[in-house]
Amino acid sequence: MATTEEYVTNKQLKRSVGQLDGVLRMMDENRPCEDVLVQLSAVKSSIDKAMKLVIARNINNCVDAMTTADVQNLEHSL
């Protein structure tokens, strides 16, 4: 079963796919360049958000795996 974080990330990526499909349709319809670029920007923002979710999940997993000694060493180095 997928975790909540995985569900949210998958949902975000599926949204990006839908947006990209829309861009392809716009291009097939010879829509104006400005309109296509606006939608491509939306796709990029959506993918950036998914990337941030993946990075945050990875950071949380790394921190959860740290031992007390690791945390103390990290605190000392800061």
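Q: Helices (H or I, at least four residues) and strands (E, at least two) are DSSP runs, numbered from the N terminus. In which helix does Ser 46 lie?
A: This is a predicted model, in which local features need pLDDT of at least 70 and side-chain atom pairs count only at pLDDT 80 or more, while totals for chains, interfaces and linings use all residues. Residues are numbered from 1 along each chain as its sequence is written, and side-chain values use heavy atoms, with hydrogens and water left out. Ser 46 lies in helix 2.

Q: How many helices and strands does the chain have?
A: From the N terminus on, the elements run α-α-α. The count for the chain is three helices and zero strands.

Q: What is the radius of gyration of the chain?
A: The radius of gyration is taken over C-alpha atoms, and the globule rule is 2.2 Å times the number of residues to the power 0.38. For 78 residues that rule gives 12 Å, and the chain lies well over this, so it is more spread out than a compact globule. Along its principal axes the C-alpha trace spans about 60 × 35 × 10 Å. The radius of gyration is 19 Å.

Q: What percentage of the residues of the chain count as buried?
A: Buried means under 20% relative accessible area, exposed over 50%, and partly exposed in between (1.4 Å probe, protein chains only). Of the 78 residues, the share that counts as buried is 13%.

Q: What is the distance between the end C-alpha atoms of helix 2?
A: Helix 2 covers residues 33-64. The expected span of a helix is 1.5 Å times one less than its number of residues. The 32 residues of helix 2 should therefore span 46 Å, and the model agrees, with the end C-alpha atoms apart by 46 Å.

Q: Against which helix do the buried residues of helix 2 pack?
A: Val 36, Val 43, Ser 46 and Ala 50 are the residues concerned, each of them buried in helix 2. Contact means heavy atoms within 4.5 Å. The packing partner of these buried residues is helix 1 (4-28).

Q: Which residues does Ser 46 touch, not counting residues up to four places away in sequence?
A: Ser 46 counts as buried because its relative accessibility is 6%. Leaving out residues up to four places away, Ser 46 touches Gln 12, Arg 15, Ser 16 and Gln 19.

Q: How far apart are the C-alpha atoms of Lys 44 and Ser 16?
A: Lys 44 is found in helix 2. Lys 44 and Ser 16 are 28 residues apart along the chain. Their C-alpha atoms are separated by 8.2 Å.

Q: With which residue does Lys 44 form a salt bridge?
A: A salt bridge is a side-chain nitrogen of Lys or Arg within 4 Å of a carboxyl oxygen of Asp or Glu. The closest N and O atoms are 3.3 Å apart, and the partner of Lys 44 is Asp 48.

Q: How far apart are the closest N and O atoms in the salt bridge between Arg 31 and Glu 29?
A: The structure holds two salt bridges, and the pair of Arg 31 and Glu 29 is one of them. Arg 31 counts as partly exposed because its relative accessibility is 40%. The closest N and O atoms of this pair are apart by 3.8 Å.

Q: Which residues make the nonpolar surface patch of about 450 Å²?
A: Patches are made of residues with over 30% relative accessible area and no salt bridge, like charges being joined within 9 Å and nonpolar side chains (Val, Leu, Ile, Met, Phe, Trp, Tyr) within 5 Å. Accessible areas come from the Shrake-Rupley method with a 1.4 Å probe, and for residues only the protein chains shown count as cover. This patch is made by Ile 47, Met 51, Ile 55, Ile 59 and Val 63.

Q: How far apart in space are Val 8 and Glu 75, C-alpha to C-alpha?
A: Val 8 has its place in helix 1 and counts as partly exposed at 38% relative accessibility. Val 8 and Glu 75 are 67 residues apart in sequence. Their C-alpha distance is 31 Å.
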